[in-house]
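Q: I would like to go through this model step by step. Could you display it first, please?

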Amino acid sequence: MAVSELFHDYSVKDGLLDEVFRPSKDADTHYDKLLSLFSTYSSDEFGILNEYAKKSFLVRGVTFTTYSNNPKGNERIFPFDLFPRILPTSEWNFIEKGLIQRNRALNLFLHDIYHDKKILKDKVVPVDLIFSCGNLNKYMDDFTPPGGIYNHISGTDVIKHNDGNYYILEDNVRCPSGVSYVLANRETMKKTISNIFCQFKVRSVADYPEALLETMQNVRPYYQDVPVCVLLTPGIYNSAYYEHSFLAQGMGIELVEGRDLYVDNDFVYMHTVYGARKVDVIYRRIDDEYLDPLVFRPESALGVPGLMSAYRKGNVTLLNAPGTGIADDKAVYAYVPEIIRYYMGEDPILSNVPTYRCDVKTEMKYVEENMTNLVVKPVDQSGGYGILIGSQASAEEIELQKAKIRSNPRGYIAQPIMSLSVHSTFIEGMNEFQPRHVDLRTFTLLGKDKEYVLKGGLSRVALKNGSLIVNSSQGGGSKDTWVIDS
Amino acid sequence: MLSRVADNLFWLGRYLERSEHLARYLSVQYFSSIDVPYQQQRERAIVSILDMVGMQTSSDRPLEEEVLVAVALDEKNPVSILSSAYFGRENARSVRDSISTELWESMNNYYLFVSGYPVDVYKTKGLYDFTSNVINHCSIVRGKIQNTLMHDVAWRFIHLGMHLERAAQVVRVLLSKITDIQTLNQFKLGNSLELQQWNILLDCLEAKDMCRKFYNALPNRLNTLEFLLLNPEFPRSVSYNLINAHELLENISRMKQFSKTSLEFKVGKDINHFRYLEVEEVDDNVIPFLEETLQKIHLICDLIVDEYFIY
């Protein structure tokens, strides 16, 4: 099969794993069919499809808005690549098992930390690591959330390394975002390249909102048969507002803001045109510290005064539970393989990336001496903020980073620079495909007696040539991810 | 339904109605002024556009081009068509989960059309294209409201906003045009000019054909005023809209017991005389009557806020 002009100048650097092309430029078997179908497009034809796809996001309002220089906001679409990523079922099943194992273990860990702290007493995880964690939430002590679930929704980031293995890059068990883009991308793919789409048996992702609603109902307060579920958003100026409204609509539940809710006698109500209506389950998309101005940040206008008290009385369920941030702290991440062995009695299915804790003297020394070969990350940030990639940093930046670490060793970890796999990505302006690094944001749901993993997830692409940072806030784009029966 | 959602829906309806009336007034006034015999008429048409929008001007003879742009596409002008489309869309965005996807997308598309319209095209050759497309977009959005939503309390709040805003816009159009006619009469330009102005007024509300048909006569002062103020079956008469708004309020209210302190009672008392009003009763005093009506509409809106939109 002759590759079209779209792939004419495609070349992969040595040492990189290209999921679509082998170094010899032959396609991997799964991609044979896909490539031959894409090769029927000329550059111009494909450029038109690409524009059509972009427009369809704009028309549907699948956008995010930044308000840096313009009070009305700069509304942008999340860059999207029409060439899908394929995960054969055999590989996917392995990933799915690994995700469930990992997130179940993190849930048990959270319960233990907020109750008996056995894992600390058994010295599997160092005590000072947990008590120095900024996201430890004292209001969660000795409290068991309904159903015993803390991390109902987990967004675990998975990468494929150039050794061909999958690794967990990080856990996100606070308010992981991005799932709406998976569903929006899928819609766009079906409408834009339907002739290609229909030739594959792609596993559906459309069941996510239903699964999420079932999860919410599954962890309702004990007293309630038919719970009133709501989604709590910071409002239309939040960059993820599209996702909030999309999920609320998909579940058919009310999208509320803090000012719509109030607490009376430890029950939560919303203001309706006909008076108060009780609320039982809240999927909150605001951070812990803004939830309740009476116990957290007093100046927060996003939250609901008295919410934590109602929560501790068991009168309302929050998803995710407050205080889950200790489980996705990047220093705690280093111990997750041990956490899995401790609670599950099994070896981890998905491996960790080796991680150096800067608050351990010997490891700190290694980090300082080898920083040019390491990635340094703050332990409590998300969105790709504050990351330093040693090989791409100037000497000055490295010195600055060292000073930062020395003043707050607990605040940083370092990892070897992982070679994320690359994937064929359409580059606007060049009008051709080039390899770009990708990762995979997966979505796992846990309920009292149910679990669910979204088939595939959000493949995130670092659009800048050579960049390893895939986050949308840092100029990343995304691809549809196809789980296909092999 | 959340009080905040009801508030957003009410305003969605208001901004939709407002921008459509602006676009129509702008278009009709501008194109009717192109071939007028007298310069005063043309200048008056531009001032009239400003009056209707409620914009102040420092000059007696503002630059035509500036006015046309300010009213349509000036994002800094809070009463421009662009701003109305923007606020309407922001209200829809706030309640995206409560309305149909189709309604949201039609609203979004409407805004994208307005915000993407090139100002230089608009200034040179696009005024008709722009205004007629705005009107068409509004019709599409209204179609989605009508056919893709449940006709439940949410729909009623949108319609409540639409009817009250439409009543207010019709009053504003009447005020502007009657002022135009009085101003032009001072120049003593002749009777045929006044007939032409009644025709323009009816065009501004897409009412000319139905008015002629209803009276089997050409428009004059009395029949035009009666038709636009009091006709119970024409959907752009003030009376039609106020009576409908009152009925919507009664439907929204779940109160079983009659109460003299209820919102519906207060509003009903305020607007009921429209049903039995004769145009001759207001003809002598039409401008004060219209101003008073506008104030009543604003008062009704305030009462609705107090009753339903506290959160």
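Q: Where is N216(B) found?
A: N216(B) lies in the loop between helix 9 (208–215) and helix 10 (221–230) of chain B. Helices (H or I, at least four residues) and strands (E, at least two) are DSSP runs, numbered from the N terminus. The model is predicted: local features need pLDDT of at least 70, side-chain atom pairs count only at pLDDT 80 or more, and totals for chains, interfaces and linings use all residues. Residues are numbered from 1 along each chain as its sequence is written, while chains are lettered from A and ligands numbered from 1 in the order in which they are written.

Q: What is phi of N216(B) near?
A: Phi is near 50 degrees, a positive value in a residue other than glycine.

Q: Is N216(B) buried or exposed?
A: N216(B) is exposed, because 6 other C-beta atoms lie within 10 Å. A residue is buried if 20 or more other C-beta atoms lie within 10 Å of its own, exposed if 12 or fewer, and partly exposed in between, with C-beta atoms placed from the backbone.

Q: Now D142(A): which loop is its place?
A: D142(A) sits in the loop between helix 5 (127–131) and strand 4 (153–160) of chain A. Its phi, near 55 degrees, is positive in a residue other than glycine. D142(A) counts as exposed because it has 8 C-beta neighbours inside 10 Å.

Q: Which residues does a cis peptide bond join in chain A?
A: The cis bond joins L319(A) and N320(A), with omega about -20 degrees. N320(A) belongs to the loop between strand 12 (317–319) and helix 11 (330–333) of chain A.

Q: How many helices and strands does chain B come to?
A: Chain B has 14 helices and 0 strands. Chain A has 14 helices and 22 strands.

Q: At what angle do helix 7 and helix 11 of chain B pack?
A: Helix 7 (residues 153–186) and helix 11 (residues 238–252) of chain B pack at about 155 degrees, with their axes 9 Å apart. Axes are lines fitted to C-alpha atoms, for helices over the stretch in contact, and angles run from 0 to 180 degrees between N-to-C directions. The angle makes helix 7 of chain B roughly antiparallel to helix 11 of chain B, a term for angles over 145 degrees.

Q: Which residues meet there?
A: Among them are L160(B), L164(B) and A167(B) in helix 7 of chain B, and L242(B), A245(B) and L248(B) in helix 11 of chain B.

Q: How many residues of chain B are in contact with chain A?
A: 19 residues of chain B are in contact with 19 residues of chain A, where contact requires C-beta atoms, placed from the backbone, to lie within 7 Å. Helix 5 of chain B gives the most to that side of chain B, with 5 residues.

How values were computed
Two residues are in contact if their C-beta atoms, placed from the backbone, lie within 7 Å. Angles under 35 degrees count as roughly parallel, over 145 as roughly antiparallel, 65 to 115 as roughly perpendicular and the rest as oblique.
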